[in-house]
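Visitor: I have a new structure to look at, and I would like to learn how to read it step by step. Could you go through it with me?

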Amino acid sequence: MCTMIVEKVKVDGSGKGTSGWFELEQANVSYDHPFHAALEHALNIDFVNESQGPSARVAVELSEQAARALVRTILEVLDRASAEGH
Amino acid sequence: MVRTDKYEGLLAETSAMPGAHGDWINAYLARPLGPGPFPGMVLAHHMPGWDEWYREVTIKFALHGYITLTPNLHFRAGHGTPEDVAAKVRGEGGIPDDQAVGDLTGALQYVRALLDSNGKVGIFGTCSGGRHAYLTVCRVPGFEAVVDCWGGGVVMAPEQLNPKTPVSPLEYTKDLACPILGIFGNEDKSPTPEQVDQHEAELKKHGKNYEFHRYDGAGHGFFYHNRPNYRQAQAVDGWEKVFTFLEKYLS
């Protein structure tokens, strides 16, 4: 690991991995080298369920700009849902 | 050196070896065919894991005449694709330094014990593997040469230290007992050119045998031909430097 910047958060929900849907248990959020994105460092989110092994993973690798835009969008959607009584 | 008039052959396969704490772990072994004796290499893989690039490079060293062993430093995280396993390790904040040093020391002992070994073993690593390689040669005697390719985190600030990485590798420089070749890109952010300067100054301060090459127009991981940061001219020159250095100290 070259930056070692990582945080974990417990999550409830489902993710669709290579073997289909599975129950999510945790999200690992890191800023480190991506596997695929054409960036030296990326904001990586791995939605995982460690009890099901390393393959129970849904991964995204985002540029910093994209990650910040995603965070804003998630909050906007949640605020709107809350305002509409959901 | 590859020639058109010389027999060559090699064997490459997954194997197993005793690592840190006596744990048996996977390793990828590639070796030239023939009676030898051959010099040996241990490879410390990078953050993306015990992956295809490292298998290719293990074979590359064997093609150049080295018995080469690449331990799976992520073995204890479980099995799956190298990416999935490496992602799990990334989520855990990396592997403990003591464990990496133990695994790489086990690889040294394995290679040196082979009957066709000439008794001289070097170590090569890139990215976190460059850091692990440096840490190992500083803490464990027995290696004859080390190649550190853009090892991030050799220079660590106190706030970066944690139970898995309790000591900045730079602190061990006084104990380095073999020559070191360093390959770096001047556009790298980990290590930065300033951190490479600090590393070089520490080597100089302790009178170590070192050779650093810094490449303009290259950033992190510029040997990785499967990534956009690959830089052809710099990588070709860098590989030449690697094999020239190893021939000098391991033949």
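Visitor: In what order do the eight strands of the open sheet in chain B stand, and what is the pairing?

Guide: Before the answer, please note that this is a predicted model, in which local features need pLDDT of at least 70 and side-chain atom pairs count only at pLDDT 80 or more, while totals for chains, interfaces and linings use all residues. Residues are numbered from 1 along each chain as its sequence is written, and chains are lettered from A and ligands numbered from 1 in the order in which they are written. Strands of a sheet pair through backbone hydrogen bonds, either parallel or antiparallel. Here strands (DSSP runs of E, at least two residues) and helices (runs of H or I, at least four) are numbered from the N terminus, and two strands pair if DSSP finds at least two bridges between them. In chain B the order is β1-β2-β4-β3-β5-β6-β7-β8, and the pairing is mixed. Because β1 (10–18) and β8 of chain B each have a single partner strand, they stand at the edges, and one side of each is left without a neighbour in the sheet. On average, neighbouring strands of this sheet are turned by 20° against each other, direction ignored.

Visitor: How many bridges join β5 and β6 of chain B?

Guide: Five bridges join β5 (residues 117–126) to β6 (residues 145–149) of chain B, and these two strands run parallel. Within this pair, F124(B) stands opposite V147(B) in β6(B). Helix α4 (residues 128–139) of chain B packs on the sheet, where it touches β3 (38–44), β5 and β6 of chain B, and its direction makes about 135° with that of β5(B). Such angles run from 0 to 180 degrees between N-to-C directions, with axes as lines fitted to C-alpha atoms, for helices over the stretch in contact.

Visitor: How many of the twelve residues of α4(B) are buried?

Guide: A residue is called buried if 20 or more other C-beta atoms lie within 10 Å of its own, exposed if 12 or fewer, and partly exposed in between, with C-beta atoms placed from the backbone. Eleven of the twelve residues of α4(B) are buried, so this helix is largely enclosed by the rest of the structure. Among them are H132(B), Y134(B) and L135(B). The buried residues of α4(B) pack against β3, α3 (97–113), β5 and β6 of chain B.

Visitor: Which residues of α5(B) are buried?

Guide: An α-helix has 3.6 residues a turn, so residues three or four places apart point the same way. In α5(B) the buried residues are Q195(B), V196(B), H199(B), E202(B) and L203(B). They lie on the same side of α5(B), because they cover an arc of only 120° around the axis, the arc being that of the directions from the helix axis to the C-beta atoms. These buried residues pack against β7 (180–185) and β8 (210–215) of chain B, whereas the face turned away from the buried side carries the exposed residues E194(B), A201(B), K204(B) and K205(B). Just after α5(B), G207(B) takes a positive phi of about 65°.

Visitor: How many residues of chain A are in contact with chain B?

Guide: Contact here means that the C-beta atoms of two residues, placed from the backbone, lie within 7 Å. By that rule, 20 residues of chain A are in contact with 25 residues of chain B. On the side of chain A that touches chain B, β1 (5–10), β4 (26–32), β5 (42–48) and β6 (57–62) of chain A each supply at least two residues, and the largest share, three residues, comes from β4(A).
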